[in-house]
Amino acid sequence: MGDPDLAGALALEEYRPGASAVLADVERWPTASSSDLDRLRHWRTHPDAPAWTHATGDRLTAAQTVRVRMPLPLEGWLDAHLAAARNTLRYRDVPGLDTLADFPTVTRADLAADIAAFVPLDADLDRMVHGTSSGSTGAALQIPDDVEDVARTFHLLRDLASRLGVRIEPDRGRMVLANLVHQREAFTYVSLVSSFAHTVMARVNLHSASWPDAASRRRFLAEADPQILSGHPTSLEAACDLRDVLHPKVAFSSAMELSAPLRARIEDALQCPVIDLYGLHETRPIAWRPDAGPFRVLERRVLVELLDADGDAVPDGEVGEITVTAGENLLLPLVRYRTGDFARRVPEGLADLEGRAHVVFRAADGRRVPSVDLTQQLQAHGALGWSVAQDAAGAVRAWIAGGDTTAIDAALRALLGGEVRVEQIGTLAALGEGKPRRYTTERGPLG
């Protein structure tokens, strides 16, 4: 529980309820009726509700609520996208950018240095909202988001669910979506989905610090009964403890890798399919998978290359950095954006996707051991999540949530040799908030 006298030292101003509210509700939801707003107020003022930190809406006009229900057309999108990119300060005076291959790759550091340089000079800034991307490395980014693109993502979720035979229809008796987080401080709010009969959705923090007590959390979620759950593996794992009050039709996992054992646990606990969605805030959704197989690149304005360190394409079947040209967010036309994630291209899509650095360990006898080999063993022995670190001397320490400690210890010793220490840490959340580094090594150059 910690020292209650020190609890205030952890409070962050940006999460103080109402700290940055600037719009009236009629501006947040221009098409909402009085009954729609009454329904919203019910959840805002619910006696068991957590302390909502923000108030935010989709700001869609009547015409926009119609447009966002359908995906953007794909014909000719890449040529138009490259033209928009050339009309940014980043590329405006750069000659020879005739084709995609002519553009240099860019990274998160480039966005952090001057993200405004990536916004088209003729962009309609009245369509802009900003979102924060904390990432797993470096400073947080303020991303210029297009309101239609943000709203369209909800309908992407509905479409992916429908491919598994799951129908999501407006039901004003229950929330349509709950985006779950599990951290001490978080942005939380209740909103209306204007393009879906003004149904209610919310961003909900499951952490005990956000609720009056555990009973309040259970009563609130039982009444909300969201049709769709979305969140990190960490928050979906926490939702498993609420299986008797949550009855979702589908769950979406994103932002961190979802292990096969954790997927199975969530599906069993919540009795619904789990869709793994890969993407970044900067790029929007990139690929999805309904099972433990390869990720399927979405049929959207997204083009994926797998590149080596020099920017050259790697052969199919070899590991390369996922580099994305992303055209869904018209306010941020990214071209050849290095994600920091790695995968292999196979006929079905992207296999062995590893978040952040593609780490290669060195065994005691000098062999190269790619991190995917460890992933396979950790998942095979039931680990829900993990962090594995190798020090400069070659000693390995692994922290695992769930799984067979003895079997994992034996597997890591067989793979790496030398000193291995495996420690159970309880739950996935104990690995830390955000996106923990799953693999690190400090051992010297690889042969």
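Q: Which residues of H11 are buried?
A: The buried residues of H11 are Ala 407, Ile 408, Asp 409, Ala 411, Leu 412, Leu 415 and Leu 416, where buried means under 20% relative accessible area with a 1.4 Å probe and protein chains only. Helices are DSSP runs of H or I of at least four residues, strands are runs of E of at least two, and both are numbered from the N terminus. This is a predicted model, in which local features need pLDDT of at least 70, side-chain atom pairs count only at pLDDT 80 or more, and totals for chains, interfaces and linings use all residues. Residues are numbered from 1 along each chain as its sequence is written, and side-chain values use heavy atoms, with hydrogens and water left out.

Q: What sits just after H11?
A: Gly 417 follows, with a positive phi of about 65 degrees.

Q: And the sheet, what order do its strands take?
A: The order is E19-E18-E17-E20, in an open sheet of 4 strands with mixed pairing; two strands pair if DSSP finds at least two bridges between them. Strand E19 (420–424) and strand E20 (439–441) are at the edges with a single partner strand each, so one side of each has no neighbour in the sheet.

Q: How do E18 and E19 pair?
A: Strand E18 (residues 396–401) pairs with E19 in the parallel sense over 5 bridges, and Val 396 stands opposite Val 420 in E19.

Q: Which strands does H11 touch?
A: H11 packs on the sheet and touches E18 and E19, contact meaning heavy atoms within 4.5 Å.

Methods:
Buried < 20%, exposed > 50% of the residue type's maximum accessible area, 1.4 Å probe, protein only. Axes fitted to C-alpha atoms, helices over the stretch in contact; angles between N-to-C directions.
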